Amino acid sequence: MKVPVAKPALIGNEKQYVMECLETEWISSNGKYIAKFEEAFSQYIGVKHALTCSNGTVALHLPLLAMGIGPGDEVIVPTLTYIATANAVKYVGADAVFVDCEQDTWNICVKDVEAKITPKTKAIIVVHLYGHPVVMDPIMALAKKHNIYVIEDCAESLGATYSGLQTGSVGHVGTFSFFGNKTITTGEGGMVTTNDDGLAARMRLLKGQGMDPNRRYWHTVVGYNYRMTNIQAAIGLAQLENVEWHLTQRRRIAEKYSQEIEKRKLPVTIQKTSDNTTHSYWMFTVLLDKQDEKYRDLIISKMAELGVETRPIFYPMHLMPPHFVSKTFKNAEEIAAAGINLPTFSQLSDDQLDYVISTLEKVLN
Ligand SMILES: *Cc1c(COP(=O)(O)O)cnc(C)c1O
């Protein structure tokens, strides 16, 4: 049996909507699916504005630009995240100030955030890691006290909730990715959400080459071409129509993995879920009982030999050449050295799931 770690499920109106783009020749970044996808997405998240863009990385760049963050400013970022979160801060010339994560939830540590706030801090980017929502109230309270922005990187958390609210509706801005392995996909694509009219207008201006919305070919700022195409939006709309199904499948998978891990007494730990949150299980992840990268890589390669693709948890940002800082972030380093993502995708069958668990059990013995 072969089991990939991720795989898109194009089981709804994707083909029909894409064919309509082709037949009507609306294949570029104008066309009805852009507005439809944005409208449906803003309703789903529960925000005033949703703006399509090219990917989840530029979705992070846009709010930083719109907030006027630049050289000399600091942005707080968890060190345990995907590289895009930290890179976006560098794009605007600001300094990424890393913070550690909590040992049990693997999400950003509020105490460490508080300790790292300085007069130069302009924003905090929280990451709902692997689909598990950050407890937002303490973060929002700190942000309010120090008058700084909060960006939620929701690339992995579409459909997850905090306090009954969708991730991406609590901070000043939420950002999403629709890469092929994400909860819903457009191939490549992204979305920015906000309730702030001013930020929304600014981001719309920036993603469309800085062109004045009331005067064609008059460009008021140096903008970017960060647009999504109508074809991508067509796929996105069809995917979003089935978002609840995607989430139900992921939760079924996570529940089964958790049950089997307990039943078989496998020597691994799983991410602790915070109160008042629902996890969207982008990637079901386990920590091996040894914090040893070599051992982790050995387990990954043994699983691969038996046909099961897994991935290591992200390397912490502060250890990588473009973002290196010679400081220790104990929790993030320990989690990163021990963690692997197990196959998690909507169409993972019960047979495949059993096979993944049996294979894990076998290689751990
Ligand atoms: C996937 C991801 C992104 C970037 O998304 P792309 O669409 O690949 O550019 C950003 N942040 C996190 C946490 C991600 O997992």
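Start with the ligand shell. Keep in mind that this is a predicted model. The ligand has 14 residues around it, and those that come nearest are Gly56, Thr57, Glu156, Ser177 and Lys182. By type, the shell residues divide into four nonpolar, seven polar and three charged.

Which helices each supply at least two residues of that shell? Helix H3, residues 56–66, and helix H4, residues 83–91.

Take the oxygen atoms of the ligand. Thr57 puts a polar side-chain atom 2.5 Å from a ligand oxygen. Ser177 has a polar side-chain atom 2.7 Å from an oxygen atom of the ligand. On the nitrogen side, look at Asp153. An N or O atom in the Asp153 side chain is 2.8 Å from a ligand nitrogen atom.

How much of the ligand's accessible area does the protein cover? On its own the ligand has 380 Å², and the protein covers 94% of that. As for the site itself, the ligand takes up the space of the second largest pocket.

Next, a sheet. Three strands form an open sheet, in the order E7-E6-E11, and the pairing is antiparallel. Strand E7, residues 165–166, and strand E11, residues 277–278, are the edge strands, each pairing on one side only.

Zoom in on E6 and E7. Strand E6 covers residues 161–162, and two bridges join E6 to E7, running antiparallel. Which residue stands opposite Leu165 of E7? Tyr162 does.

In general, strands of a sheet pair through backbone hydrogen bonds, either parallel or antiparallel.

That's my tour. Over to you.

Definitions and conventions: Residues are numbered from 1 along each chain as its sequence is written. This is a predicted model: local features need pLDDT of at least 70, side-chain atom pairs count only at pLDDT 80 or more; totals for chains, interfaces and linings use all residues. Side-chain values use heavy atoms; hydrogens and water are left out. Two strands pair if DSSP finds at least two bridges between them. Helices (H or I, at least four residues) and strands (E, at least two) are DSSP runs, numbered from the N terminus. A residue is near a molecule or strand if one of its heavy atoms lies within 4 Å of it. A polar contact is a pair of N or O atoms within 3.5 Å; within protein, one must be able to donate a hydrogen and the other to accept it, and residues adjacent in sequence count only if both atoms are side-chain atoms. Accessible areas come from the Shrake-Rupley method with a 1.4 Å probe; for residues, only the protein chains shown count as cover. On a 1 Å grid over the protein atoms alone, a cavity is a set of points where a 1.4 Å probe fits but cannot get out, and a pocket is an open set with protein on both sides within 12 Å along at least five of seven lines; lining residues have an atom within 4 Å of a point. A molecule sits in a cavity or pocket if more than half of its atoms lie within 2 Å of its grid points. Ala, Val, Leu, Ile, Met, Phe, Trp, Tyr, Cys and Pro count as nonpolar, Asp, Glu, Lys and Arg as charged, and the others, Gly among them, as polar.
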